[in-house]
Amino acid sequence: VCRRVCDRGAIALAIASLSSRCPCIRKVAVAICGLFLKALQMQESHGIKSWRERPQLEMIMSSIQRGLAVRRAVQIQRYDAQEGIEFGGSTTATHKYNIPMLPAVSAVFLAKALLILSKPRDEMYGQMNRYFLKLADYHGAFQDCFGLPAFLSLYCSSSEELSRCRVERHWALLSLKDGAVDEFCYKIISQHHVPELIMSSFDSLVDNPDTKSELYLTIDVIETLLQSGGTRAANHLIKRQGLLSWLHGTVSWRNTSSVFPYEALRCRFQKLVATAVDSYRCMRHARGDDTDDDDALEFYEKVPLANAVIRICLDGADTTENSGSSNAFSPSLLENTCDALWAIHLADKQSQFASTSSGSTSIHDASYLLEKSVCHMEIFGKLLASMCDLPLVTNETGVPSAKLFCELALGFVLETTREAEVQSCTILLPLKKVSELMKRYSCLGNDAKILSQVMKCRHLAIAVVGGIEVWEGFLPYLGGNIR
């Protein structure tokens, strides 16, 4: 019975439950582990010849038992040393003998190790077996309760076989992703400089066409750390490690179609950008306005990040077109690009300084992306607002693109205002950008279609605060068309 229970993952679940915040759940988990260890040591279990993995299971369960005993002894000593100092002695007495709560990174590692050792054919069996055989202190007690067990040795694998190194690195990354669930876990992860290690190895993955699966998992791990690490992760990754600058720096000088040859990779990177920018915005909101660090209020990465996002989308579409696909822009790629640009737009909107960066995205790329998303109104609206908020690169050959941009922007304003109440930014941002383009390209002031659209937007501009001032910028081009 115990063998079937173990094979179906029940014991692994009990080990993972040692990371529960509820003391009662941890007590039940310890009781289950103790009963299972007792069953492993019974004479009847020794007599089952087909249960060849029993010695390894007994080894890991004994290691966990001794490790918890050592941790509990240390915990009791600390409580005894604090008696008479802590306020409320009853609280100390209540929690003195609680089962130690393991961080999820350690509990998940132990649960996975048990599953591996129960299957001798598993490709990680040798590594896990050697890890627990090397434990010598306190008769093999597992003492790395508040660390990253075996992560560094596996991620920085010293195996002579390249395929073996990739297997170990993949397993280490997957365990890290599954174990990072809260700020407490991220504290342990950051103390071992794991984020820096992963980010520094990113370049080698980008330039190697055979490691795209590991690249995908690496991006996934960084996003998981941001999402689960809360404010601690945002401060560490964005403020101290410069994650936003790192994101656009990794692709700024590379051919993005070769870096991200698959749509899944492009979408995953776009999601990471959106998550990172949202974390930055939440971090700024949590700090509030009572700060003297004025330089931190400006979103310096707005323009290069947006340009990187647009390049990844457009280069990916060119790759798809060259492969003969009829639909270059898939809905998922458009949606993820829209989410990333919208997050950048909101983060810059929260900044207390106007951006002074020069443009990196051309008017041709902006109008081309808008044209391809015109069938998706919600996506188009967010893309338009994001594009209008960016400084675009214009040149003498950009007249057709500028004309298309103006027609799409004004057409969207007129179309959306028919259905429901519209926010002021939906009207003001497109009108400002169209006015800017008409000043740059004087020939647009003679285009009958654009002037007709501008005239129709007059009553909409009057309805929003500051709208009439923006619309009056078109007066020099309208001339005798005003009645």
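Colleague: Let's start with S17: buried or exposed?
Modeller: S17 counts as buried, because its relative accessibility is 19%. The cut-offs are under 20% relative accessible area for buried, over 50% for exposed, and partly exposed in between, with a 1.4 Å probe and protein chains only.

Colleague: Before we go on, what kind of model is this?
Modeller: A predicted one, where local features need pLDDT of at least 70, side-chain atom pairs count only at pLDDT 80 or more, and totals for chains, interfaces and linings use all residues. Residues are numbered from 1 along each chain as its sequence is written, and side-chain values use heavy atoms, with hydrogens and water left out.

Colleague: OK, back to S17. Where does it lie, and what does it touch?
Modeller: S17 is in the loop between helix 2 (10-16) and helix 3 (23-40). Leaving aside residues up to four places away in sequence, S17 touches I25, R26 and A29. Contact here means heavy atoms within 4.5 Å.

Colleague: How many helices and strands does the protein chain have?
Modeller: 27 helices and 2 strands. Those are DSSP runs numbered from the N terminus: H or I with at least four residues for helices, E with at least two for strands.

Colleague: And what share of the residues is buried?
Modeller: 50% of the 483 residues in the protein chain. Of the contacts with a separation of 6 or more, 73% are between residues 24 or more positions apart.

Colleague: Switching topic: how do helix 7 and helix 8 pack?
Modeller: Helix 7 (residues 104-117) and helix 8 (residues 125-133) pack at about 115°, and their axes are 9 Å apart. Axes are lines fitted to C-alpha atoms over the stretch in contact, and angles run from 0 to 180 degrees between N-to-C directions.

Colleague: Which residues make that contact?
Modeller: From helix 7, F109, L110, A113, I116 and L117; from helix 8, Y125, M128, N129, Y131 and F132.

Colleague: What about helix 22, which residues are buried there?
Modeller: Among them are F405, C406, E407 and L408. The length works out too: 18 residues (399-416) at 1.5 Å a residue should span 26 Å, and the end C-alpha atoms of helix 22 are 26 Å apart, so the two agree. The expected span is 1.5 Å times one less than the number of residues.

Colleague: Last one, where is E335?
Modeller: In helix 19 (residues 331-350). E335 counts as partly exposed because its relative accessibility is 44%. E335 and Q270 are 65 residues apart in sequence, and 9.5 Å apart in space, C-alpha to C-alpha.
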